[in-house]
Structures are given as structure tokens and as C-alpha cells.
Amino acid sequence: MPGLATFPPFPEDVPTHPLLIVDYELVRAGDKQEIDKLWKAATELGFWYLNNHGVDEELVDAMFAMGRETLALPLGEKMESEQGSKGVAFGYKAAGVQFMEDRGTKDVTEFLNVSRDDALAWPTPYHRTYPSTVNECIESVIKPFVQKSLTINHFLIDVLNDKLGLPKGTLAGLHKVDEPSGCVARCIKAPPHIDRENKMFLNPHTDFGSLSLLHNRLGGLEVLPPGSDKWYYVKPLPGHAICNIGDALNILSGGILRSNTHRVMRPSLDNLLMSDRSPPGQQAIYERWSVVYFTRPNDSVILRALTERSPKIAEAVARAPDQKYETGVTSREWVARRIQSQLHGLLSLVLCHLILTRTDLRAARFGRSG
């Protein structure tokens, strides 16, 4: 996978959000100023850059290479590892199985999710099996990537645990490595965008889990700051990962930690032709690849605010609408519902299309209109 330097640069004069840069090594060393910066980022926008994180570029590139080889397989072979329609978070997702907000068009993004549990249990399948291109590099690439990513995310979660006023190890006890979870390493491919209209590649959404660790090379990610109706691009920085809080930590913290809305957009061909400055500029004509590790609570964890463990969380929940942070579902059920809602949206769209088509045909047959 070519490095960032081989692509056109990200435009310098487009609206970007100035994410805080958190130094992971300083956080690990207990630097108070850096920990305060992490807390500020996690509670205000819910997104931040992370540098000195220790995930080697060579390892990230190897993950990209694995994804490129796997997603280049014939569709029939990839569909043997398809996630299915029951809300399972592991396996292959084809393009066109979700619908987009913008006029209900089908999505064009495909991705592969490799379960943390499968990677760590290799060669014994824990949840499912994967294509041969995945199996060939689980031991040398995927497992080391998962191990480094979960080490980073778990340490950051421990730091946030203490800042929330929770007893030490409280959040760690909800993210045990030896218990099943929906944690995944994902490789995402979005095609080049050469069209007459702006294209949304990923709907506005929040992440399902606790903490996401993203590595990307090209622009397209946008965030919607709290209280704003304007989207801002997040510029990829070489050597920096992008972290963001997900729904689970938002719920467990009683809303103190922010799970922020984001999406992926690419500009129209007309914008590209008019100006090199159209976000994200000439980068839009290239395939967009991303690798992300999603940390999620263990499957059996009930998603509810930890009010009885922290006065700070109890105080936050007391100010919120009643029952806002009492979901009544487990982490596994939460993830399944979120995944199924995307599929059901597509099924509803198809059903609506069929009804409208039948109505139009009937109107044409009997000479009716409007």
C-alpha cells in the first residue's frame, strides 16, 4: 500500500477541524498536561489525533495490503465470508447492502471485519472462518495489529476510567480480553469518485463501541462539531492515528465522554474540475483505504450509566433526561441492532420502491397520473 507521500496533498485551504494532538508516550508516562488534553478531547469533540502510538507504519501498510488482496478476490469467494443479516459484526460486507441518506442510493463501500477473538485464538476459529488471504497473514500481521491496538485503547480507557472517578479497573472489567466481544480490525475500501455530484460514502453516524483507532491515508472523513450545522474535514497527518469515543463509553459515562457524529464525503467531478482546492481536492480520484480497530465492551455487558460507581457520572445523569443512559440491552445486542438497522433501512427502501413501481405501472395501465 503506497504511503501518503505518493498521493496528491490534502488541500490547505478547505474547512478542517483542528483536532487536539495527544502524545501517547506522554500519557503513558503520566504527564498531567497530556492527560488533561486527552480528557478535553474525549469530553468536548470526542475525536483527537494520537501520535507516538507505537503502531509501526510497516504494520499498518501490511494491514492495507491484506485488505487490498482480500477485497480483490472474486465476489463469490468473498461472499462465503459475508456477515449475514443477523447483526453479526465479523466477516465481509459487500458494496450496495446499505442505503445512503442522500436520496436513498446504495452504498459503494466494502469492508472486511476480522474479530479480535478470532485473531487471538488463531488457528482455532472462535466466531468464524475467513478467506485464505486473511488466514495467510493472521499470525504475522493481523494478530500483532490487534494486540498493539487493544493495548493502546485499553490504556487510554484506563486513563479515562480514573478521570471519570471510577474505581480502578472498572472499565477494564467490562473490556476483558479473555471474554467474547464485538471488537474487530476492519479494512475499508471506497472507490474513486468521478461523478457530477458530491458523494456520501459513509452516512452520518456514531461508532457502536467504546474507542476507535483509525489509520488512513486520504481525506474524506468529516466531523460535525457539537452545536454546529457545518461539517469539517479531518486532515490525515502522517504517523498519526485518529481516535474517537463510541456509543458504549458515552453511555457508561452518563454522557460525559462524547460519541460524536461523523461521515465520509467525496467531492463532485464538477468541483474537482473547477478548482484543485475542492475538499479533499485531487485525492478524490483515488481509492480510499482505511484501517481501524474498534474496541467494544464484552458481549454480556449491560449498557447503562455507571452511576453507582462514580459521583461524577451520577451527577451527569441527574442532569440528563430520565432513562437516557439506561438502554436495557447488552453490548452484543446493541451492536446487532445497529448493524440490522442499516440493513432494514435498505430493505424498507427496496419495498417502498417496489410499491411505488407497482403503483406507477397500475396508473399507466389504467391511464391515471399524479
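Student: Which exposed residues does the face of α2 turned away from its buried side carry?

Tutor: This is a predicted model, in which local features need pLDDT of at least 70 and side-chain atom pairs count only at pLDDT 80 or more, while totals for chains, interfaces and linings use all residues. Residues are numbered from 1 along each chain as its sequence is written, and side-chain values use heavy atoms, with hydrogens and water left out. Buried means under 20% relative accessible area, exposed over 50%, and partly exposed in between, with a 1.4 Å probe and protein chains only. On α2, the face turned away from the buried side carries the exposed residues Lys32 and Gln33.

Student: Which residues of α2 are buried, and why do they line one face of the helix?

Tutor: The buried residues are Glu34, Ile35, Leu38, Trp39, Ala41 and Ala42. Seen down the axis of α2, they fall within an arc of 165°, so they line one face of the helix; the arc is that of the directions from the helix axis to the C-beta atoms.

Student: What covers the buried residues of α2?

Tutor: Contact means heavy atoms within 4.5 Å, and the cover includes β1 (21-23), α1 (24-28), β2 (47-51), α7 (138-163), β10 (241-245) and α10 (311-318).

Student: Which residue caps the N-terminal end of α2?

Tutor: Asp31 does, with a side-chain oxygen 3.1 Å from the backbone nitrogen of Gln33. Just after α2, Gly46 takes a positive phi of about 85°.

Terms used: Helix = DSSP H or I, 4+ residues; strand = E, 2+ residues; numbered from the N terminus. Polar contact = N/O pair within 3.5 Å; in protein donor to acceptor, adjacent residues only side chain to side chain.
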